[in-house]
Amino acid sequence: MKILIYNIQKRLFFNQSPLHYAAAFILAISLAYLIATGNYMALFLFAGTLIGLLLFGKPVYCFWVLFSSVFLMGGIISHFPEITTLRWGIVLLSLMLGVRTLVEYSVPTNLIKPKFDRLLTVMVIFMIIGLTSSLVNGISPINLTVSLKNYFQFVPVAFALAILPHFKNQSMVKRIYIGLLVVALIQLPVAMYQRFFLGAQFIAAGESAVAVQDAVSGTFAMSLRGGSSKALSLFLLFVAGAMISFAKHGILSWRKAIAVSLIFLVPIIFNETKVSFIYLPVLFLILYRKELFKFRIKGIIALALCIALLFGLGYAYKKVYTTSDRNLEQYITRSLDYNFGQRGYGRYDLNRLSVLTFWLEERKQHGLIGILFGHGLDAANEAEAGFFVEKGKMAQRYPSYGIGLTMVSRLLWETGAIGVACFFGILLLSFKRISNYIQYATNAFHASVLLSLQAGITLCILESFVSAAFRTQEVYNFLFSLILGLTLMMTQPHMKYHRYGSSYN
């Protein structure tokens, strides 16, 4: 297999024929022209393809380029709107990783064909449903391309972690978690800058306080106005949960785990993601469910710690966002009303609960096919942001309703009940798979990683009822695929008794 990859690279880049020299000259002229004319989209598409080809034989390096680009480039891109199309270059890099995985699966090393996991099969079925529904409903080619990119741009990451032998060692998992920790720590200074410097500029320009809070998105920002605050909070809580899991299994001291977790709460205070009050107890419930159900002392201590964190976060929100007890009561009532009551969320007529009941009320008007398979991947697109801002056909039919407010409602309109079942089937099968394998973990690190992944899967399930971040935000889409990929990798038979493996380039 390595010889095959080497030959491909040699033929692509090291052939000394005149044709290759001519191609290099033409590419150089083309690049200069693209830069001079400011055609950044074509430039980044070309750059992504070229880097992907160069890294074709180095999937681990390709993964780390993706990892750092997704988690750290958002803050830079937000300051330079003209390079927003760089995201398409990142997608092409992910596609190259997917092609490498396909080659590895088709031409396995040592004639041992990697097993195509049934969980991957469900993911493929979900992709087929989305594509087929879009084609049947006549989604335009350009909108279909954008929708496929938004939904499945980092699916190759999950496939690569599950199939490629380069990732099948515990040392790789350790490096991934260290990378997640480093990214999480970077969010604090960036969030402070966004809150106190960018926030002051927004207030001086006459913006509302809501704009200041939304701007606190760390390096995940989609623009100077943020746009990824919920994804930032979910990411920080996931990493905090991993630290608690490591402390629970004796890999990390409790003092360090609690100190780091408290640091992660600071950006959550400033971006006002109230859903964190739900995520926190759910996180502790997953991490300590056995101890809680059996009333063990560790479970009681964890419960006390969780309650203390909730009260601390609540006190911080009271001080930052309210001025009196009466104001606090109005703040809570208003939050409940636009999430679960009669009030619409933001500028929409529907909220996170009514968007689901609305689909149930309207289902009779769309026929059995629409109920089961939806109206195509672009149907519920509200055209809020992005390179292509054309509204989907169902969003046009229900203007200002916000039918794509959450991932669940968007999937119901775009892929139907079957698509929703596949989407949650992926998550639930992953959770169950970990439960079956965690009892066989032969070392504390393996057990702690599996438990943290279960917590991450649970947060992803809840997030699907809160926002449509899976489709609209690259960082959450990547994290979603990363959690699934790590789940597949860590629950393979050879990892049960694996301690340390060699690393691949």
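Tutor: Let us start with how helices are named: helices (H or I, at least four residues) and strands (E, at least two) are DSSP runs, numbered from the N terminus. With that convention, T101 has its place in helix α6 (residues 86-106), and the chain has 25 helices and 0 strands. Please keep in mind that this is a predicted model, in which local features need pLDDT of at least 70 and side-chain atom pairs count only at pLDDT 80 or more, while totals for chains, interfaces and linings use all residues. Residues are numbered from 1 along each chain as its sequence is written, and side-chain values use heavy atoms, with hydrogens and water left out.

Student: Is T101 buried or exposed, and what does it touch?

Tutor: Buried means under 20% relative accessible area, exposed means over 50%, and partly exposed lies in between (1.4 Å probe, protein chains only). T101 has a relative accessible area of 3%, so it is buried. Contact means heavy atoms within 4.5 Å, and, not counting residues up to four places away in sequence, T101 touches P156, F159, A160, I163 and L164.

Student: What share of the chain counts as buried, and what share of the contacts join residues at least 24 apart?

Tutor: Of the 505 residues of the chain, 51% count as buried. Among contacts between residues at least 6 apart in sequence, 76% join residues at least 24 apart.

Student: How should I read the packing of two helices, and at what angle do α7 and α9 pack?

Tutor: Axes are lines fitted to C-alpha atoms, for helices over the stretch in contact, and angles run from 0 to 180 degrees between N-to-C directions. Angles under 35 degrees count as roughly parallel, over 145 as roughly antiparallel, 65 to 115 as roughly perpendicular and the rest as oblique. Helix α7 (residues 118-136) packs against helix α9 (residues 155-163) at an angle of about 160°, their axes being 11 Å apart, which means that α7 is roughly antiparallel to α9. The contact is made by L120, M123, V124 and M127 on the α7 side, and by V155, A158, F159, A162 and I163 on the α9 side.

Student: Which classes of residue make up the contact of α7 with α9?

Tutor: Ala, Val, Leu, Ile, Met, Phe, Trp, Tyr, Cys and Pro count as nonpolar, Asp, Glu, Lys and Arg as charged, and the others, Gly among them, as polar. By these classes, the contact of α7 with α9 has 9 nonpolar, no polar and no charged residues.

Student: How do helix α4 and helix α25 cross?

Tutor: The axes of helix α4 (residues 59-72) and α25 come within 9 Å and cross at roughly 140°, which means that α4 is oblique to α25. On the α4 side the contact is made by F63, L66, F67, V70 and F71, and on the α25 side by E474, V475, F478 and L482. By class, this contact of α4 with α25 has 8 nonpolar, no polar and 1 charged residues.

Student: What is a salt bridge, and how many are found in the whole structure?

Tutor: Side chains of opposite charge can pair when their charged atoms come close. A salt bridge is a side-chain nitrogen of Lys or Arg within 4 Å of a carboxyl oxygen of Asp or Glu, and a search of the whole structure finds 5 salt bridges. One of them joins the side chains of E474 and K149 (3.3 Å, N to O). E474 lies in helix α25 (residues 474-490) and K149 in helix α8 (residues 141-152), so this pair ties together parts that are 325 residues apart in sequence. Both E474 and K149 are buried.

Student: Which parts does the salt bridge of E291 and K248 tie together?

Tutor: The side chains of E291 and K248 meet at 3.2 Å, N to O. E291 lies in helix α15 (residues 289-293) and K248 in helix α12 (residues 229-248), so the pair ties together parts that are 43 residues apart in sequence. With 9% relative accessibility, E291 counts as buried.

Student: Where is E272 found, and what is its phi near?

Tutor: E272 is found in the loop between α13 (254-271) and α14 (276-287), and its phi is near 50°, a positive value in a residue other than glycine. The side chain of E272 also meets that of K274 in a salt bridge (3.5 Å, N to O). E272 counts as buried at 16% relative accessibility, whereas K274, with a relative accessible area of 22%, is partly exposed.
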